[in-house]
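Me: I have a structure open and would like to go through it with you. Could we begin with how its strands are joined?

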Amino acid sequence: MRAGRRRFTRRDRLTREEEFRRVFNRPRRLHHDAWVTLFKANDLRYPRLGLAISRKSVPTAVARNRVKRVVRESFRLNRHRLGGFDIIILARRGLARRENRALREALERDWTTIEQCKDC
RNA sequence: AGAGUCGGCCGGGCAGUCGCUGCGUCUUUCAGGCGUGGAGGAAAGUCCGGGCUCCAUAGGGCAGGGUGCCAGGUAACCCCUGGGGGGCGCGAGCCCACGGAAAGUGCCACAGAGAAUAGACCGCCUAAGCGCCCACGGGCGCCGGCAAGGGUGAAACGGUGCGGUAAGAGCGCACCGCGCACGGUGGCAACACCGGCGGCACGGCAAACCCCACCCGGAGCAAGACCAAAUAGGGGGGCGAUGGUGCGGCCCGUACCGCCCCCGGGUAGGUCGCUAGAGGUGCGCGGCGACGCGCAUCCCAGAGGAAUGACUGUCCUCGACAAAACCCGGCUUACAGGCCGACUCUCCUA
RNA sequence: UGGGAGAUCGUCUAGUGGCAGGACCGGAGCCUUUGAAGCUCCAGACGUAGGUUCGAAUCCUACUCCCCCAA
């Protein structure tokens, strides 16, 4: 399981509608100008990631895929720090213009916030 | 050297580390290891055409829609190729919804005399006929004639010249233009050329209705098929007036729903459909070409909130537009920069 | 992903080949002691680019944007 620490499989993602609905209902929020990070404790011992990147917030498919990859990569490298939380990244207008590096650095601050919230 | 035209192609490279995913294989399973493959020329817009699936085997008629010079290519096309005609350019070349207005209906505002069986505002004429005057040259009026000139308009019923005339007029003639269901020659044809005939008749609009020729059944992979818990759905046979549904607007036609008898499993979830194909590449042959034929060879994404990335180093010209979702052929639109080939014009030098 | 509608003043709309009209809002004036209401006047638009036509908001083509349906 040591090798799987930095893996990221379907098990680690939110896929069903009800999983998304559960998190959207009264989550903790971290607001940014181009996206919102929602998170909520789950019953598992590991974190799961959901992506809500709409066509309206990020118009082109290429930019949409790029954003999702950066977010997933950041989550993959940091998930060992996070506890049992379901996390959703909700895109807002302007996220497409964000540089990869800037987005990554901001996300790392979010992970730290969630990590420190482990007991709450 | 400069300016330009056409056609084709590329769309950051390399190395390392950590990841995602299809397939194959191995480990006893959960899970992993190894190998291998993994977005585009437009994957886009969804504007056309097909394949595929179900509805009847895709039927008949009306309605509706599409295409529109000719020939060819193709599975098919609103595509492509070659040719004809017209327009633009010095040229290489480029552009064109390019059938029919002597089948019918309709429209052509305003202006203008007149807008489609032409017409007379200004104007030109006074020869013939009638009347009056007369200085016997003629003058005036009536009845009339004309369409050359002006003017209006997007458009006014051939143009120029000569003859002709009272003034004029295709009224006559020459040339040009135009027309012909005329003849000949060339061409599969569109059409071209030559000759003949016709004094000229036939304004424009069919992206107005329409006519002619040809084509088009409807839905769409959320199609459709299979597996599979609960409140009864499906198959076969017989009967059948109305109505409803498949079926898209209608009618015909056809199948089913309805009632009786006999046999027996649908929605939430999963699996298949899902990628080997009108396929790519190379060579040869046929063809001006689009393309076709033959041989060899290759297997080249199949996900399901949706996979190709991230980080580091390095090099350069510092990286545009942009992500498959059943598949294919086109069209259209977006696109940093670069490469190759063919050709045209101008200038300079030899 | 597939299918289907639409775009006219700031807003809601009429116009379907020849004048772009109406209502609300806005501006100015009249009326009133003042305000509201009322009356008069004014300003303001055919999504973009081509084509057909003498002439296009209207017909045709391409593009852009917005909306709806199927989950």
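Predicted model: local features only at pLDDT ≥ 70, side-chain atom pairs only at ≥ 80, totals over all residues.

Me: Understood. How many bridges join S2 to S4, and do they run parallel or antiparallel?
Reply: Seven bridges join strand S2, residues 35–41, to S4, and the two strands run antiparallel. Within this pairing, Thr-37 has Ile-89 of S4 as its bridge partner.

Me: And how many bridges join S3 to S4?
Reply: Strand S3, residues 48–52, is joined to S4 by five bridges, and these two strands run parallel. Gly-50 stands opposite Ile-88 in S4, and the bridge partner of Leu-49 in S4 is Ile-87.

Me: What is the strand order in the whole sheet?
Reply: The sheet is open and consists of four strands in the order S1-S2-S4-S3, with mixed pairing. Strand S1 (28–31) and S3 stand at the edges with a single partner strand each, so one side of each has no neighbour in the sheet. From one strand to the next, the twist averages 20°.

Me: Which strands does H3 lie across?
Reply: H3 lies across S1, S2 and S4, running at about 25° to S2.

Me: Why is S4 described as largely enclosed?
Reply: Buried means under 20% relative accessible area. Six of the seven residues of S4 (residues 85–91) are buried, so the rest of the structure largely encloses this strand. For S3, four of the five residues are buried, so that strand is also largely enclosed by the rest of the structure.

Me: What is Trp-35 in contact with, leaving aside neighbours within four places in sequence?
Reply: With those neighbours left aside, the contacts of Trp-35 include Leu-30, Ile-89, Leu-90, Ala-91, Leu-95, Leu-103 and Leu-107. Arg-92, Arg-98 and Asp-110 are also among them.

Me: A few residues of H2 interest me. Is Ser-74 buried or exposed?
Reply: Ser-74, which is in helix H2, is buried, with a relative accessible area of 2%. Its side chain makes a polar contact with the side chain of Trp-111, at 2.9 Å. Leaving aside neighbours within four places in sequence, Ser-74 is in contact with Arg-104, Leu-107, Glu-108 and Trp-111.

Me: Is Arg-64 buried or exposed?
Reply: Arg-64 also belongs to helix H2. The relative accessible area of Arg-64 is 16%, and the cut-off for buried is under 20%, so Arg-64 is buried. Not counting residues up to four places away in sequence, Arg-64 touches Ile-53, Ser-54, Arg-55, Val-58 and Pro-59.

Me: Lastly, how many residues apart in sequence are Ala-63 and Ala-96?
Reply: Ala-63 and Ala-96 are 33 residues apart in sequence, and their C-alpha atoms are 5.8 Å apart in space. Ala-63 lies in helix H2 and is buried, with a relative accessible area of 11%. Leaving aside neighbours within four places in sequence, Ala-63 is in contact with Val-58 and Ala-96.

Definitions and conventions
Residues numbered from 1 in each chain as written. Chains lettered and ligands numbered in written order. Heavy atoms only, no water. Buried < 20%, exposed > 50% of the residue type's maximum accessible area, 1.4 Å probe, protein only. Pairing = 2+ DSSP bridges. Contact = heavy atoms within 4.5 Å. Polar contact = N/O pair within 3.5 Å; in protein donor to acceptor, adjacent residues only side chain to side chain. Axes fitted to C-alpha atoms, helices over the stretch in contact; angles between N-to-C directions.
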